[in-house]
Structures are given as C-alpha cells and as structure tokens.
Amino acid sequence: MLNEINHNESLIRNESSDIVYGHQDLLRGNVLRNASGEILLVDFEYTCLLAAPLDICHHYCEWMTRYDSQSYWIDVSLHPSHEEEVNFVAAYLERRHGEMPKETEVEAMIQKVHRMQCFSFFFWFVWAIMQMELGSDWDCKGYALSRWNLYKEQKKKYYGVESLPILCD
C-alpha cells in the first residue's frame with residue numbers, strides 16, 4: 001500500500017500546487033445553521049492541508065454517498081451536474097480569492113477536480129481499512145470496496161495507469 005500512496009502523492013503534486021486548509025468531511029450533518037442563520041461547520045477530525053481540487057473532491061464524495069445504505073456506498077448518479085459544479089466551484093474560488101473567478105478558471109478547476117476524484121476515493125478506502133482493523137460495528141468492508149472500485153476505475157480513466165493489487169476484489 002505504501003507504494004500506491006507514494007505514487008498517488010507524486011500524481012497529486014503534479015496536478016496542483018494550490019494548497020488549502022480543507023475540512024475533508026463536509027457531509028450534511030457537519031454543516032449546521034444556528035438560530036441567527038449563521039452557517040457553522042463541525043467535526044474537524046480530518047482537517048488538514050491538501051490540494052484545493054482534492055478539498056472539492058472530498059465534498060463531492062460526501063455528495064454522492066448513500067447514507068441510507070449499510071455500507072454508505074457511492075452512487076455516481078448523485079454526482080453534481082455541470083451547472084451545480086460551476087456554481088459550487090465559482091463560489092469556492094470567489095470565497096478564497098475575494099473576487100468572482102473567470103469562466104476559464106472555474107472550468108480548469110472542475111477538470112482538476114474530475115482528475116483528482118480517484119484520490120478522494122483512495123483516502124476513504126484507506127480510512128475504511130483502518131476502521132476494519134479497529135473492529136468497527138458497521139459494513140466497513142462494503143464501504144472500502146465501494147471506494148476501491150471507484151478509485152481503480154477513475155485512476156485508469158484519468159491517469160492511464162492501473163492501481164497496484166492491494167486488494168483482491
């Protein structure tokens with residue numbers, strides 16, 4: 001697994017040098033509105049420095065997660081539409097840079113997000129493997145397999161390389 005992690009690190013560094021302090025776990029339950037209408041983010045246990053496109057990838061991963069299933073599988077049909085991506089990425093970039101981004105900047109970020117989505121799937125695959133080792137009482141294996149299969153598919157599609165045989169399907 002270490003070889004796969006090192007290879008992914010190299011690919012990520014080649015994709016983006018735009019580093020942000022990212023939450024990595026922005027599911028609906030971690031975004032709250034208080035009585036005065038302010039939006040609050042909670043649950044910062046996975047927060048770290050990471051490539052900006054990967055920050056968005058993690059959000060999309062949560063967007064596509066089926067929380068009504070035992071293994072919280074990813075439903076790619078729930079991926080944001082292009083219009084939703086444009087709106088989200090434009091707001092993300094505007095908030096970060098203090099001005100409305102150009103359409104070309106939004107589209108460039110969307111393309112980086114698509115290319116880097118596999119790394120979000122890999123991150124959550126590794127997390128689920130660790131949960132299995134800790135003896136969690138939910139379907140960690142189903143969760144891990146869901147992320148693993150999407151990771152392999154996306155990595156091959158965007159980088160033209162097979163993932164190392166870490167897991168037998």
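Q: What is the hand of the crossing in which H2 passes H4?
A: In this predicted model, H2 passes H4 in a right-handed crossing. The label applies because the near helix is turned clockwise from the far one by less than a right angle.

Q: Why are H2 and H4 called roughly perpendicular to each other?
A: H2 and H4 pack at an angle of about 65 degrees, with their axes 7 Å apart. Angles of 65 to 115 degrees count as roughly perpendicular, and H2 and H4 are therefore given that label.

Q: Which residues of H2 and H4 meet?
A: From H2 come Ala 52, Pro 53, Leu 54, Ile 56, Cys 57, His 58, Tyr 60, Cys 61, Glu 62 and Met 64. They meet Met 109, Lys 112, Val 113, Met 116, Gln 117, Phe 119, Ser 120, Phe 121, Phe 123 and Trp 124 in H4. By class, the contact of H2 with H4 has 15 nonpolar, three polar and two charged residues.

Q: Why are H1 and H4 called roughly antiparallel to each other?
A: The axes of H1 (residues 2-15) and H4 (residues 103-134) cross at roughly 155 degrees and come within 11 Å. Angles over 145 degrees count as roughly antiparallel, and H1 and H4 are therefore described in this way. The crossing in which H1 passes H4 is left-handed.

Q: Which residues of H1 and H4 meet?
A: In H1 they are Glu 4, Ile 5, Asn 8, Leu 11, Ile 12 and Glu 15, and in H4 they are Lys 112, Arg 115, Met 116, Phe 119 and Phe 122. The contact of H1 with H4 has six nonpolar, one polar and four charged residues.

Q: What makes up the contact of H3 with H4 by class?
A: His 82, Glu 85, Val 86, Val 89, Ala 90 and Leu 93 in H3 meet Glu 105, Val 106, Glu 107, Met 109, Ile 110 and His 114 in H4. These residues divide into seven nonpolar, two polar and three charged.

Q: What lines the largest pocket, and which residues lie nearest its centre?
A: The lining has 21 residues, and Ile 5, Glu 9, Ile 12, Leu 54 and Phe 123 lie nearest the centre. The space in this pocket is about 500 Å³. H1, strand S4 (48-51), H2 (52-64) and H4 each give two or more residues to the lining. H4 gives the most, with six residues. By class, the lining has 14 nonpolar, five polar and two charged residues.

Methods
Residues are numbered from 1 along each chain as its sequence is written. This is a predicted model: local features need pLDDT of at least 70, side-chain atom pairs count only at pLDDT 80 or more; totals for chains, interfaces and linings use all residues. Side-chain values use heavy atoms; hydrogens and water are left out. Axes are lines fitted to C-alpha atoms, for helices over the stretch in contact, and angles run from 0 to 180 degrees between N-to-C directions. Helices (H or I, at least four residues) and strands (E, at least two) are DSSP runs, numbered from the N terminus. Angles under 35 degrees count as roughly parallel, over 145 as roughly antiparallel, 65 to 115 as roughly perpendicular and the rest as oblique. Contact means heavy atoms within 4.5 Å. Ala, Val, Leu, Ile, Met, Phe, Trp, Tyr, Cys and Pro count as nonpolar, Asp, Glu, Lys and Arg as charged, and the others, Gly among them, as polar. On a 1 Å grid over the protein atoms alone, a cavity is a set of points where a 1.4 Å probe fits but cannot get out, and a pocket is an open set with protein on both sides within 12 Å along at least five of seven lines; lining residues have an atom within 4 Å of a point. Grid points are joined across faces, edges and corners, and a volume is the space filled by probe spheres set on the points.
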